[in-house]
Amino acid sequence: MISLLLVSFLSMAHADEQKAQKAHVHGEANISIAFDGKKGRMEFHAPSEALFGFEHEARSAKDRAKKDQAMTKLEEKMSEMVVLAPELKCEIKKEISEVIQSKDHGDVDAEFNITCEQPVVGTTVRLQFAKVFPGIKKAKVDVIAGDVQKSVIVKKGGESLELK
Ligand SMILES: [Zn+2]
């Protein structure tokens with residue numbers, strides 16, 4: 001069951017991201033993660049260029065391949081970017097991912113479900129996006145877990161965030 005708090009946090013974060021989407025900053029990703037006990041939900045937003053190097057519509061075979069490769073990587077390597085404590089035995093699964101194309105820009109939006117065997121509160125999460133996508137030079141991450149609410153700017157070298 002998803003608590004009301006979690007839902008309102010995510011919709012708040014979403015409104016912020018919609019605003020941000022109008023004038024996204026190249027190289028910057030926005031991530032919101034909300035945990036309710038052993039379950040979590042994550043929203044990931046980044047300019048397309050940070051993930052696959054361009055923002056025009058992928059028409060050529062070469063561009064389509066670059067885009068598909070990046071979208072697969074996003075799905076398969078999220079647990080290398082958001083590294084939860086190994087003893088929690090968490091699984092991060094993609095629910096939706098899409099590229100929203102406007103005239104001059106492209107945005108990648110993705111949502112993930114997180115399922116752990118133990119509650120995450122009190123543990124440390126390691127955040128490292130540039131390791132998988134060097135184009136993500138900066139990521140603003142908002143995390144809520146129980147009573148804990150934290151925001152962190154993750155740069156190239158990554159950050160560790162204590163969920164307490
Ligand atoms: Zn752009």
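Good morning. Please keep in mind throughout that what we are looking at is a predicted model.

I shall begin with the overall fold. The protein chain holds 4 helices and 9 strands. Followed along the sequence, these elements come in the pattern α-β-β-α-α-α-β-β-β-β-β-β-β. The protein chain has 164 residues, and buried residues make up 43% of them. Its accessible surface comes to about 8,900 Å², with 51% of that belonging to carbon and sulfur atoms. As for contacts with a separation of 6 or more, 64% of them are between residues 24 or more positions apart.

I turn now to the zinc ion. Which residues are its protein donors? They are His24 and His26, each through NE2, Glu55 through OE, and His105 through ND1. These donors lie 1.8 to 2.0 Å from the zinc ion. Why is the arrangement called tetrahedral? The 4 donor atoms subtend angles of 97 to 122° around the zinc ion, and this range makes the arrangement tetrahedral, since four donors count as tetrahedral if all angles lie between 85 and 135 degrees.

Along the chain, the donors follow the spacing H-x1-H-x28-E-x49-H. Glutamate 55, at 8%, counts as buried, because the cut-off for a buried residue is under 20%.

Glutamate 55 also brings us to serine 102. Serine 102 is placed in the loop between E4 and strand E5 (106-115). Its relative accessibility is 41%, so serine 102 counts as partly exposed. Serine 102 and glutamate 55 are 47 residues apart in sequence, yet their C-alpha atoms are 8.8 Å apart in space.

Next, the aromatic residues. How many aromatic pairs does the count come to? The count comes to 1 aromatic pair. This pair is formed by phenylalanine 52 and phenylalanine 54; their rings are 5.0 Å apart centre to centre, with 65° between the planes, and the pair is edge-to-face. Phenylalanine 52 has 7% relative accessibility and counts as buried. Phenylalanine 54 is buried too, with a relative accessible area of 8%.

From the aromatic pair I move to a charged side chain. Arginine 41 lies in strand E2, which covers residues 39-47. With a relative accessible area of 15%, arginine 41 is buried. Which side chain does it make a polar contact with? The partner is the side chain of glutamate 111, at 2.2 Å.

Let us now visit the loop between strand E3 (82-83) and strand E4 (91-101), where alanine 85 is found. Alanine 85 has 11% relative accessibility and counts as buried. Leaving aside neighbours within four places in sequence, alanine 85 is in contact with Thr123 and Thr124. Between alanine 85 and threonine 123 the C-alpha to C-alpha distance is 6.5 Å, and the two are 38 residues apart in sequence.

Lysine 89 also has its place in the loop between E3 and E4. Lysine 89 is exposed, its relative accessible area being 54%. Its phi is near 50°, a positive value in a residue other than glycine. Most residues other than glycine have a negative phi.

My last stop is glutamine 128, found in the loop between strand E6 (124-127) and strand E7 (138-145). Glutamine 128 is buried, with a relative accessible area of 15%. Which residues does it contact, leaving aside neighbours within four places in sequence? They are Glu80, Met81, Val83 and Gly158. The side chains of glutamine 128 and arginine 126 are joined by a polar contact of 3.3 Å. Glutamine 128 and lysine 155 are 27 residues apart in sequence, with 8.0 Å between their C-alpha atoms.

To close, I would return to the zinc ion: its protein donors are His24, His26, Glu55 and His105, and their arrangement is tetrahedral. Thank you for your attention.

Definitions and conventions:
Residues numbered from 1 in each chain as written. Predicted model: local features only at pLDDT ≥ 70, side-chain atom pairs only at ≥ 80, totals over all residues. Heavy atoms only, no water. Donors = N, O, S within 2.8 Å, 3.2 Å for Na, K, Ca; no water. Tetrahedral: all angles 85-135°; square planar, octahedral: opposite > 155°, others 65-115°. Buried < 20%, exposed > 50% of the residue type's maximum accessible area, 1.4 Å probe, protein only. Phe/Tyr/Trp six-rings, centres within 6.5 Å; stacked < 30°, edge-to-face > 60°. Helix = DSSP H or I, 4+ residues; strand = E, 2+ residues; numbered from the N terminus. Polar contact = N/O pair within 3.5 Å; in protein donor to acceptor, adjacent residues only side chain to side chain. Contact = heavy atoms within 4.5 Å. Areas by Shrake-Rupley, 256 points an atom, 1.4 Å probe, with all protein chains shown as cover.
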